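Hi there,

Here is the structure I promised to pass on.

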Amino acid sequence: MGDVIVEDPRMAALVAPDAKLEKLWTGAIWSEGPVWWEDGSVTWSDIPNNRMLRWHPEEGGSVFRQPSRHTNGHTRDREGRLVSCEHSGRAVSRTEADGAVVTLVDRYDGKRLNSPNDVVVKSDGTIWFTDPPYGILSDHEGVKADSEIGACYVYRFDPETGELTVVADDFDRPNGLAFSVDESLLYISDTGRSDAPDGPPHIRVFEVADGRHLRNGRIFAEVLPGAPDGFRLDVHGHIFTSAHDGIQVYTPEGERLGRILVPEIVANCTFGGPQRNRLFITASTSLYAIDVLTSGLPGR
């Protein structure tokens, strides 16, 4: 069996059936939140080791930042700055051009956030992120603590005004999120299956109203085995999502086209390369990559 499983002929137009998965680096405990940079490098999190790692095609792997306040998901804003979710910081932070790390938001209605998990920046500069409790359930991926909010929300943060609003309040464990190509839709995964056998293992999709509210949510796809964690979209609206068996590829209508098999449990992925046609995958202990025949959305 090869690395690419074609379940629908349309899959072959996105990932060549003979494409080969490459292991670029290994040595983490739990890899998450990859971000690609124009110098060809990838930065990602090794959450239990409280560090961020960096891989460069000529230099190999190295430690980017340690301690990292148990960062999880990352993205880049419209100015190219790194925006990060911190478990033990219980915050969303930004790394400035000079390397300084500043906290953007760490409280809602005066109460500490749980442990921000994944994040995306909209074209208007607002920051949307999920806040499940994984970083406060134990000391393994953060610091064990009680939830001050008592719920797991999805938020919209405006860094210009400092306004933080709840955009979704009916998730079990909100996790990965990404906007559609035109930002009229927001996809959000629920990884409740990670804590309970009957918990949700799906991605939901919402309409984005007025650029700031969500409405008409529905289940987009159930992702098994395991549950969907992080995911990314290509320029045609296909979703490349993590699962326990690798990366699964879905149409904008929620039809599964095929899978990229990965020998470790996948947490997240991102598109990189000058043409955004190389998919970088964080999976358990390792960083992988595979060339694809489509292009990922820039800066997502």
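Arg 94 is buried, because its relative accessible area is 15% and the value has to be under 20% for that label. Bear in mind that this is a predicted model. The side chain of Arg 94 meets that of Glu 96 in a salt bridge, with 3.0 Å from N to O. Which residues are linked with these two in a network of salt bridges? They are Asp 77, Glu 79 and Arg 81, which join Arg 94 and Glu 96 in that network.

Are the two partners buried or exposed? Arg 278 counts as buried, at 16% relative accessibility, while Glu 22 counts as partly exposed, at 34%.

Another one to click on is the salt bridge of Asp 46 with Arg 51, whose closest N and O atoms are 2.9 Å apart. Here Asp 46 is buried, with a relative accessible area of 0%, and Arg 51 is buried too, at 14%.

Arg 51 also brings us to a sheet, as strand β5 covers residues 51–56. What is the order of the strands in that open sheet? It runs β3-β4-β5-β6, so to speak from one side to the other, with antiparallel pairing of the 4 strands. At the edges are β3 (31–36) and β6 (60–65), each pairing on one side only. From one strand to the next, the twist averages 25°. If you zoom in on β5 and β6, you'll find that they run antiparallel and are joined by 5 bridges. Within this pair, Trp 55 stands opposite Gly 61 in β6.

One last thing, this time from a record. UniProt, in an unreviewed entry, places the feature "domain: SMP-30/Gluconolactonase/LRE-like region" at residues 30–284. How far apart are the end C-alpha atoms of residues 30–284? They lie 5 Å apart, and the span is 0% helix and 50% strand.

Note on methods. Residues numbered from 1 in each chain as written. Predicted model: local features only at pLDDT ≥ 70, side-chain atom pairs only at ≥ 80, totals over all residues. Heavy atoms only, no water. Pairing = 2+ DSSP bridges. Helix = DSSP H or I, 4+ residues; strand = E, 2+ residues; numbered from the N terminus. Axes fitted to C-alpha atoms, helices over the stretch in contact; angles between N-to-C directions. UniProt positions renumbered as here; feature names shortened; annotations may be inferred. Buried < 20%, exposed > 50% of the residue type's maximum accessible area, 1.4 Å probe, protein only. Salt bridge = Lys/Arg side-chain N within 4 Å of Asp/Glu carboxyl O.
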